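Look at the fold below.

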Amino acid sequence: MRTKFLALASLLIAATQPVLTRAAVIAAKDYPNKFIRIVVPYGAGAGPDVVGRIIAEKLGPALGTNIVFENRGGGGGMLGTEIVAKSAPDGYTILLQTAAYATYPYFFKNVPYDSAKDLMPVTLAAKNVGYVLVVNPSLPARSVKELVALAKANPAKLNYGTAGVGSVMQMAAELFAHMSAIKLQPVHYTGVPAALSDTISGQIEMGFPAAPSALPFMQAGRLRVLAITADKRWNKMADTPTLSEAGVKGYKYIGWYGFWFAAGTPAEYVARIQGEVARAVKDPVVQRKLEEQGLEGVGSTPQELAKIIDEEFALNKKLTAAMGIVPQ
């Protein structure tokens, strides 16, 4: 049913993105005429917040208005998402979300909005260089193959940390477990720092943090990095293989950040924001700042983001079914 909704949503997006009429172009020139609010459903200083503020440094001046950030954490990210889903479709409230957007229906029974009907994709703003499979240095596994062998010999006894139920860290780990035919045990934390801390101290055996988060601990010898989840190596961890290279053939999982409007927002406003974000992420200063965070600017079309979302929902449905997850 969800795939059908998402396919319909993609068609509706395409249908509302025609070549702009002269009247629409004039309307777009008058937009915006007041500040724009970007709702980030996570705390200040979290990855999405940092990404949004980097892009906003160019986006605000290009639009000729102020960008105001509203951090509305809670519900694993659903609270802030709901605020935008139920906001007026006037082009002045934007959602900045992560790949976790596509996990909620499979972990939570009462999602307070319909992602296919209440929100419309604007652009994939940026994607990350990947997450890394890290283990405590005391663990007797110096490669992915050795870790898989250890997990098979000890089913469901190796613990991995997550940034919360349904987080991208959990999905990256479960995709690894699914493709390696092993069983791992999740330990849920309130964020990445706590999960990393317990992996470093040996309270849990492993995790899948974003590569930049793990880099300083790898360099200090406090974490052993076995592989990266992307389909190519990261230049700052050039000796670290991809999971596919390390033996889990075909594995790929990366994080991303996208913008959404409430459904029904005028097409010309969607086009204006998409175009300005695409220009902003190509700015050399913005590119450098994103690279420092282990990110690459994208600036996709709405249709391209819709396709990515559809694929993510399909993958997460498959993974959570394999995990035996029942929405709570």
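At roughly what angle do the axes of H3 and H10 cross? First, the ground rules. This is a predicted model, where local features need pLDDT of at least 70, side-chain atom pairs count only at pLDDT 80 or more, and totals for chains, interfaces and linings use all residues. Residues are numbered from 1 along each chain as its sequence is written, and side-chain values use heavy atoms, leaving out hydrogens and water.

Now the helices. H3 spans residues 47-63 and H10 spans residues 267-280. Their axes cross at roughly 130° and come within 9 Å. Axes here are lines fitted to C-alpha atoms, for helices over the stretch in contact, with angles from 0 to 180 degrees between N-to-C directions. H3 and H10 are therefore oblique to each other. Oblique is what remains after under 35 degrees (roughly parallel), over 145 (roughly antiparallel) and 65 to 115 (roughly perpendicular). The contact (heavy atoms within 4.5 Å) includes Ile 55 and Leu 59 of H3, and Ile 273 and Val 277 of H10.

H3 also belongs to a right-handed β-α-β unit with E1 and E2. Right-handed means that, with the strands pointing away from the viewer, the path from the first strand over the helix to the second runs clockwise.

Turn to strand E1, residues 36-40.

E1 pairs with two strands; pairing takes at least two DSSP bridges. With E2 (residues 67-71), E1 pairs in the parallel sense over 5 bridges. There, Ile 38 has Phe 69 as its bridge partner. With E3 (residues 93-98), E1 pairs in the parallel sense over 3 bridges. In E3, Ile 94 stands opposite Ile 38.

Notes
Buried < 20%, exposed > 50% of the residue type's maximum accessible area, 1.4 Å probe, protein only. Helix = DSSP H or I, 4+ residues; strand = E, 2+ residues; numbered from the N terminus.
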